[in-house]
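Colleague: Before I rely on the labels attached to this model, I would like to go through them one at a time. Please set each value against its cut-off.

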Amino acid sequence: MAGIFTRNALNKIMEDENLTPQQRTEQVYSLYGRALDDGYISKSAAQQAQQDALESAKAAWAKEQTPPDPKASDEYKALEGEFSAYKAMQAARTSADFKEVKPKFFETVYGLVDRAEGAKPLTEQLAGIRAAYEEYFLAPQGKPGRTPAVVLPSGTTPAPGRGPSLSEMMKAKNENPSMEIFFR
């Protein structure tokens, strides 16, 4: 616009004596129209140029970027390790090695087992755990298991069915707060 619609161009039109006032006005308007057309971009052309630039930028970015591998992330690896440990625990729950463990104590016993390399064999570890925590295991065939026993304040254990009931002992405890109730 700056190169076409100048003071010199207007002066030439105005000083031309061969032109009528109406022709002069037409030439000024045509000069102004050419100046507007020079560098003028329509709205649709501008939107198309913007869209083309956006598409080319997206294509360039897509070529540069590689999609992240979710399996390579630390979170995925940690979750995969937890899942593997869970699957191993569920497999152990149904295995023959843990068949003697009471179901409610399975997770406790499973947590006590050392699974590191060079650890004792599982059968030896379970035998040691059984010796320390006999109540976590089912009683062997023909042998009674360890069950809680009532110990009276005198230190004696009543014969089964002959001592006070638990409700009677709790009533006595409420009446005498210094009294202690022990279970073996």
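Modeller: A contact here means heavy atoms within 4.5 Å. Among contacts between residues at least 6 apart in sequence, 39% join residues at least 24 apart. The model is predicted, and the protein has seven helices and two strands, which follow the pattern α-α-α-α-α-α-β-α-β along the sequence.

Colleague: Why is the pair of phenylalanine 98 and tyrosine 110 called tilted?

Modeller: The search of the whole structure finds five aromatic pairs. For phenylalanine 98 and tyrosine 110 the ring centres lie 5.9 Å apart and the planes stand at 50°. Rings pair if their centres lie within 6.5 Å, and planes under 30 degrees apart count as stacked, over 60 as edge-to-face and the rest as tilted, so this pair is tilted. The pair links distant parts of the chain, with phenylalanine 98 in the loop between α4 (74-93) and α5 (106-112) and tyrosine 110 in helix α5, twelve residues apart.

Colleague: What makes the pair of phenylalanine 106 and tyrosine 110 stacked?

Modeller: Their centres are 5.6 Å apart and their planes are at 25°, and because planes under 30 degrees apart count as stacked, the label follows. Both residues lie in helix α5, four residues apart, which is about one turn of the helix. Ring pairs link Phe98, Phe106 and Tyr110 into a cluster, and arginine 115 lies over the face of tyrosine 110, at 4.2 Å from the ring centre.

Colleague: How do you know that phenylalanine 106 and tyrosine 110 count as buried?

Modeller: Buried means under 20% relative accessible area; phenylalanine 106 has 3% relative accessibility and therefore counts as buried, and tyrosine 110, at 10%, therefore counts as buried too. Buried residues make up 11% of the 184 residues in the protein.

Colleague: Which residues have the most contacts inside the largest nonpolar core?

Modeller: That core has 13 residues, and those with the most contacts inside it are Phe98, Val101, Phe106, Val109, Tyr110 and Phe137. Helices α4, α5 and α6 each supply at least two residues of this core, and α5 gives the most, with three residues. Leaving aside residues up to four places away in sequence, valine 109 touches Phe98, Val101, Leu126, Ile129, Tyr136 and Phe137.

Colleague: How do you know that the buried residues of α6 are on the same side of the helix?

Modeller: The buried residues of helix α6 (residues 122-132) are Gln125, Leu126 and Ile129. They cover an arc of only 95° around the axis, so they are on the same side of α6. These buried residues pack against α5, whereas the face of α6 turned away from its buried side carries the exposed residues Thr123 and Ala131.

Colleague: Why is the meeting of arginine 93 and glutamate 107 called a salt bridge?

Modeller: The side chains of arginine 93 and glutamate 107 meet at 3.6 Å, N to O, and because the cut-off is a side-chain nitrogen of Lys or Arg within 4 Å of a carboxyl oxygen of Asp or Glu, the pair qualifies. The search of the whole structure finds one salt bridge. The pair links distant parts of the chain, arginine 93 in helix α4 and glutamate 107 in helix α5, 14 residues apart.

Colleague: What makes arginine 93 partly exposed, and why does glutamate 107 count as exposed?

Modeller: Exposed means over 50% relative accessible area, buried under 20%, and partly exposed in between. Arginine 93 has a relative accessible area of 32% and is therefore partly exposed, whereas glutamate 107, at 51% relative accessibility, therefore counts as exposed.

How values were computed:
Residues are numbered from 1 along each chain as its sequence is written. This is a predicted model: local features need pLDDT of at least 70, side-chain atom pairs count only at pLDDT 80 or more; totals for chains, interfaces and linings use all residues. Side-chain values use heavy atoms; hydrogens and water are left out. Rings of Phe, Tyr and Trp (its six-membered ring) pair if their centres lie within 6.5 Å; planes under 30 degrees apart count as stacked, over 60 as edge-to-face and the rest as tilted. Buried means under 20% relative accessible area, exposed over 50%, partly exposed in between (1.4 Å probe, protein chains only). A charge sits over a ring if NZ of Lys or CZ of Arg is within 6 Å of the ring centre and within 35 degrees of the ring normal. The arc is that of the directions from the helix axis to the C-beta atoms. A nonpolar core is a set of buried Ala, Val, Leu, Ile, Met, Phe, Trp, Tyr and Cys residues joined through side-chain atoms within 4.5 Å.
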